[in-house]
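The following explanation leads through a structure step by step, beginning with a single residue and ending with the contact between chains. The sequence and the coordinates should be kept in view throughout.

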Number of protein chains: 2
Amino acid sequence: MLQQLETLDLLDISSKRTCSEIDELLDELLAPPGDARDRLYQAMRHAAIGGGKRMRPLLVLASADLFGVAHLSALRSGLAVECIHVHSLIHDDLPCMDDDDLRRGKATVHKAFDEATAVLAGDALHALAFEILADPLTHSDGAVRSTLVRDLAAAAGAAGMAGGQILDLLPEGTTDLDGVVRLQRLKTGALISWCVEAGATLGRAPDTARMNLRGYGQSVGLAFQIADDLLDCEGDEEAAGKRLRKDEAAGKVSFVSLLGPERARSQARVLVDQAKDHLRPFGKDVSLLRSIADYALARDR
Amino acid sequence: MLQQLETLDLLDISSKRTCSEIDELLDELLAPPGDARDRLYQAMRHAAIGGGKRMRPLLVLASADLFGVAHLSALRSGLAVECIHVHSLIHDDLPCMDDDDLRRGKATVHKAFDEATAVLAGDALHALAFEILADPLTHSDGAVRSTLVRDLAAAAGAAGMAGGQILDLLPEGTTDLDGVVRLQRLKTGALISWCVEAGATLGRAPDTARMNLRGYGQSVGLAFQIADDLLDCEGDEEAAGKRLRKDEAAGKVSFVSLLGPERARSQARVLVDQAKDHLRPFGKDVSLLRSIADYALARDR
């Protein structure tokens, strides 16, 4: 218990530092040009700055640390995947998708601005992600930058996140546990796996290291999703900063609706242990990655 | 006159070849996976396959030809920018944006499918563009691929196309000719400039060549826009395959509303001549680029 508290403290400190570094970079990159386009920049800033726990950038930083990658390389890569994540939240919240008014404790972009601005702000953050990754500031080797771009684009597109989102919109297609695992592997897992593999790409790590990180990412991704399902079912809307009880209202099956809260929670524990097993070959420098895995169990409290 | 007919024939032949090559690549890349995600893939295919004149891929192919770039490199780069273009058409046609029912003679994606699928199909094509560019099949040099990605992302994002689109949604911001030029340089010009510069990037051309191509791209981009405004004002909806008279109905200023059709047409002629002047330093191998410029004058007939 003491050990778990310590790892969560480590996570808390790392997360706070990453949040402020990410916000600083975004503040620079999204400086409004001072004309009528400011509305677009303000919408992007509204969605991207000062929100969330930046778990995806943290995963990139933690995996990059295993291979001695320069901090700025990892931070910019983490910022890129966060831009894709925020893009997906903006578009997911649109009236034609989940129709949400609240996100990260603030009005969603189409509520604070309007739908057209929300579509464009999501699109522009999507483009920004690839602009950041492909810039020589992210890595001196163009082949490394291209690999990051290609893999992130694949994780975000029809064979990844967007494919998962269409499955999520078609509830008749997902009826059992295998279906939920498949949907979540695409919808949230693909980006999370990219995060941990980005460290290996940046550090030109051997394939075995990449495989282990991929295994860790897949387990952690599903554990996070179970925690998210538990939060949707049992959590407090004010603390979560978003609308809850959505799966039930939409008649969607989830880990919790299929397994019940107790079995879902124990399944998350098994996945976190599996994730940690994948870290063994790396020796001792894995405390942040272990803390992030533990956080999946702690976040629904 | 005879000469202009000949150059338009050349354009016609090149355009037909490019259309079928682009469709062939898209047919491979967008093969439906055979599950519930097929709806997303069908929506992407509906929008991307078999439509348009593929002017952007043609511009990439024509500029790449000046530097002896391999055909597949130029074709894949052209496909990438076409994916960004189709993405922008899908999102532009949404009810919250231009609310159009017809595009390239077919139902728009949100009409043929639904709004949520249209948002995701646009997003997935946006991602596909960068996945294509960053793949080693596009160019053997990772630095070249990264430059293509970074420049295309910048041209598509808040400082380019998306920024132009927000200006277009805020008609009060654009009242005079300078404003229209600025809007169109962002909304359509940034992608067109990318197309002609992509040839220089792929062929590692000297900066002077890139500058000339940029000048050509800027002039051709504005000439195309004037032709588009003339088409919107004077064209036939059935032949155009999309709704017309939109600028007037939306109370937007355009080249035609500010200059009148005759002065707009003569301005387009000046721009086409300027575009051709930028091609002089390249010597004789510029017939396709000249034909594309001529097409800007021919397309509203």
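A residue is called buried if 20 or more other C-beta atoms lie within 10 Å of its own, the C-beta atoms being placed from the backbone. The model to which this criterion is applied here is a predicted one.

Consider B:A198, a residue of helix α9 (residues 177-202) of chain B. Since 30 other C-beta atoms lie within 10 Å of B:A198, this residue is buried. Apart from its neighbours within four places in sequence, B:A198 has contacts with B:V60, B:S63, B:S77 and B:L148. The separation between B:A198 and B:R243 is 45 residues in sequence, and their C-alpha atoms are 32 Å apart in space.

Helix α2(B) extends the theme of burial. Of its 11 residues, 8 are buried, so α2(B) is largely enclosed by the rest of the structure. The buried positions of this helix are B:R39, B:L40, B:Y41, B:A43, B:M44, B:H46, B:A47 and B:A48. After α2(B) comes B:G50, which has a positive phi, near 75°.

The overall dimensions may be examined in chain A. Its secondary structure amounts to 15 helices and 2 strands. A compact globule of 301 residues would have a radius of gyration near 19 Å, and the value for chain A, 18 Å, agrees with this. Along the principal axes, the C-alpha atoms of chain A fill a box of roughly 55 × 50 × 35 Å. Buried residues make up 54% of the 301 in chain A. Among contacts in chain A with a separation of 6 or more, 69% are between residues 24 or more positions apart.

Within chain A, helix α7 (residues 142-156) packs with helix α9 (residues 177-202) at an angle of about 170°, and their axes are 10 Å apart. Angles over 145 degrees count as roughly antiparallel, and α7(A) and α9(A) are therefore roughly antiparallel to each other. On the side of α7(A), the contact includes A:V144, A:L148 and A:L152, while α9(A) contributes residues including A:L191, A:W194 and A:A198. By class, this contact has 9 nonpolar, 2 polar and 2 charged residues.

The final step concerns the two chains together. In chain B, 44 residues are in contact with 44 residues of chain A. On the side of chain B that touches chain A, at least two residues each come from α2 (38-48), α6 (115-134), α7 (142-156) and α8 (161-169) of chain B. The largest share, 13 residues, is supplied by α6(B). This side of chain B has 26 nonpolar, 9 polar and 9 charged residues.

Notes:
Residues numbered from 1 in each chain as written. Chains lettered and ligands numbered in written order. Predicted model: local features only at pLDDT ≥ 70, side-chain atom pairs only at ≥ 80, totals over all residues. Contact = placed C-beta atoms within 7 Å. Helix = DSSP H or I, 4+ residues; strand = E, 2+ residues; numbered from the N terminus. Nonpolar A, V, L, I, M, F, W, Y, C, P; charged D, E, K, R; others polar. Buried ≥ 20, exposed ≤ 12 C-beta atoms within 10 Å, placed from the backbone. Axes fitted to C-alpha atoms, helices over the stretch in contact; angles between N-to-C directions. Parallel < 35°, antiparallel > 145°, perpendicular 65-115°, else oblique. Rg over C-alpha atoms; globule rule 2.2 N^0.38 Å.
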